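Hi everyone, thanks for making time for this. I'd like to walk you through some side-chain contacts and one bit of helix packing. Here is the structure on the screen.

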Amino acid sequence: MALYRLLSSGLGHRDQVYVVSLLDAGSIGPLITGLGIHVVPLNIGSIFRLPLAILQLLQVLRSFRPDLIQGWMYHGNLIASLAAALAPGAPALVFNIRQCLYDIKAEKSTTRYVIRCNRWLSSRVGVVVYNSTLARQQHEAFGFSCTHGEVIPNGFDVAVFRPNTVRRRLARAGLDAATDELVIGHVGRLHPIKGHASFLRAAVSVLEQRQDVRFALLGRDVFPDHPLLEGIIPRGLMRYFVFLGERLDVGDWMQGMDIFCQSSQAEAFPNVLGEAMASGLPCVATAVGDAPSIVGETGILVPPQDPRALARGLLTMLDKSSSDRLALGRAARARVARCFSLSNAVARYRDLYTRLVR
């Protein structure tokens, strides 16, 4: 989605860009195709598919003859290195790392191997782009090249993510939220790193003190009967929760929220936090990755993996007056527009590409 937003905002014209997906096109591939940009899925589902995928990649390289190849996350960086070695004309090579590296032991064994390969190759690329300062610090401490790193924060389109009274009314109707109910939102695919269990435990604690609250959760596989979440919400409190699953219209649903919560155990630069802030929402977030520098003084930060602290943060935000929460939301939106605009991110990438190709 971050790549799609960069491309849709003018990072590359349709005849200048190819996107190569290691797996299938996924849910974002058709959106990129809709921009008039070629999306080539390699469908590398197993090691046995790799030889055919390399042949397919060779065809793209010979027909397109790129000036620059950018990997996108660890596995993409690895294939981008191979592509740069195979491509005619010695194109520039860029790595893009979009997560922090708190503990490599927490990664899968194959991913640990790929990260170590990235480390070895990092001194051979033009630039290693990180989307957060902490991600750069952690990777360079792990042995990534200290001379090739550059931080380009994620950018957000404040024209898309913005307060809208009509969309708010529709979203709250979809959430079945009463006028006097405060909606706390959470967005993220189900993964232990996203801290859904902590969020639900904090929500249950909040409901012990207040019943004028509704919790809305969006994200792939995020349902109360999933084994990772099963049994956390008492049956009698289930009516306070709405599970919407994976949605592409996250910005519309954010309009129905009054407070946004990010409960991750680890992040680099959490996109949903910037989207919520651009939407004018006051945020309660775990202090992971670059979240402290994103939120600044416009929200509440709590330690990660601490449901009690998260509940206290949510209650503190709920106890504020509506005018105080609105003021924090306006300040959050202004901060995103000032420091993390999508146009600035596009300009930074464009300058980087121009510099490397020249």
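Let's begin with two helices. Helix H4, residues 74–86, packs against helix H5, residues 109–121, with the axes 9 Å apart and an angle of about 50 degrees between them. That angle makes H4 oblique to H5. As for the hand of the crossing, H4 and H5 cross in a left-handed way. Before I go on, please keep in mind that this is a predicted model.

Now to the rings. How many aromatic pairs does a search of the whole structure find? The search turns up 7 of them. One of these is Phe-156 with Phe-269, a stacked pair with 6.0 Å from centre to centre and 25 degrees between the planes. This pair links distant parts of the chain, 113 residues apart: Phe-156 sits in the loop between strand E6 (149–151) and helix H7 (165–174), while Phe-269 sits in the loop between strand E10 (259–262) and helix H10 (271–278).

Another stacked pair is Phe-215 with Phe-241, at 5.2 Å centre to centre and 20 degrees between the planes. Here the partners come from strands: Phe-215 belongs to strand E8 (residues 213–218) and Phe-241 to strand E9 (residues 241–245), so the contact ties together parts that are 26 residues apart in sequence. Phe-215 is buried, with 0% relative accessible area, and Phe-241 is buried at 7%.

Arg-119 lies over Phe-142, 4.4 Å from the ring centre. Arg-124 does likewise over Trp-120, at 4.2 Å from the ring centre.

On to salt bridges. Searching the whole structure gives 13 of them. Let me show you Glu-275 and Arg-5, whose closest N and O atoms are 2.4 Å apart.

Next, Arg-214 and Glu-181 form a salt bridge with 3.2 Å between the closest N and O atoms. Arg-214 is in strand E8 and Glu-181 in the loop between H7 and strand E7 (182–187), so to speak a link across distant parts of the chain, 33 residues apart. Arg-214 and Glu-181 are buried as well.

Then there is Glu-267 with Lys-194, meeting in a salt bridge at 2.9 Å, N to O. Glu-267 is in the loop between E10 and H10, and Lys-194 is in the loop between E7 and helix H8 (196–207), so this contact ties together parts that are 73 residues apart in sequence. Glu-267 and Lys-194 are both buried.

One last stop: Glu-150, Arg-348 and Arg-355 are linked in a network of salt bridges.

Terms used
Residues numbered from 1 in each chain as written. Predicted model: local features only at pLDDT ≥ 70, side-chain atom pairs only at ≥ 80, totals over all residues. Heavy atoms only, no water. Phe/Tyr/Trp six-rings, centres within 6.5 Å; stacked < 30°, edge-to-face > 60°. Helix = DSSP H or I, 4+ residues; strand = E, 2+ residues; numbered from the N terminus. Buried < 20%, exposed > 50% of the residue type's maximum accessible area, 1.4 Å probe, protein only. Lys NZ or Arg CZ within 6 Å of the ring centre and 35° of its normal. Salt bridge = Lys/Arg side-chain N within 4 Å of Asp/Glu carboxyl O. Axes fitted to C-alpha atoms, helices over the stretch in contact; angles between N-to-C directions. Parallel < 35°, antiparallel > 145°, perpendicular 65-115°, else oblique. Left-handed = near helix turned anticlockwise from the far one by under 90°.
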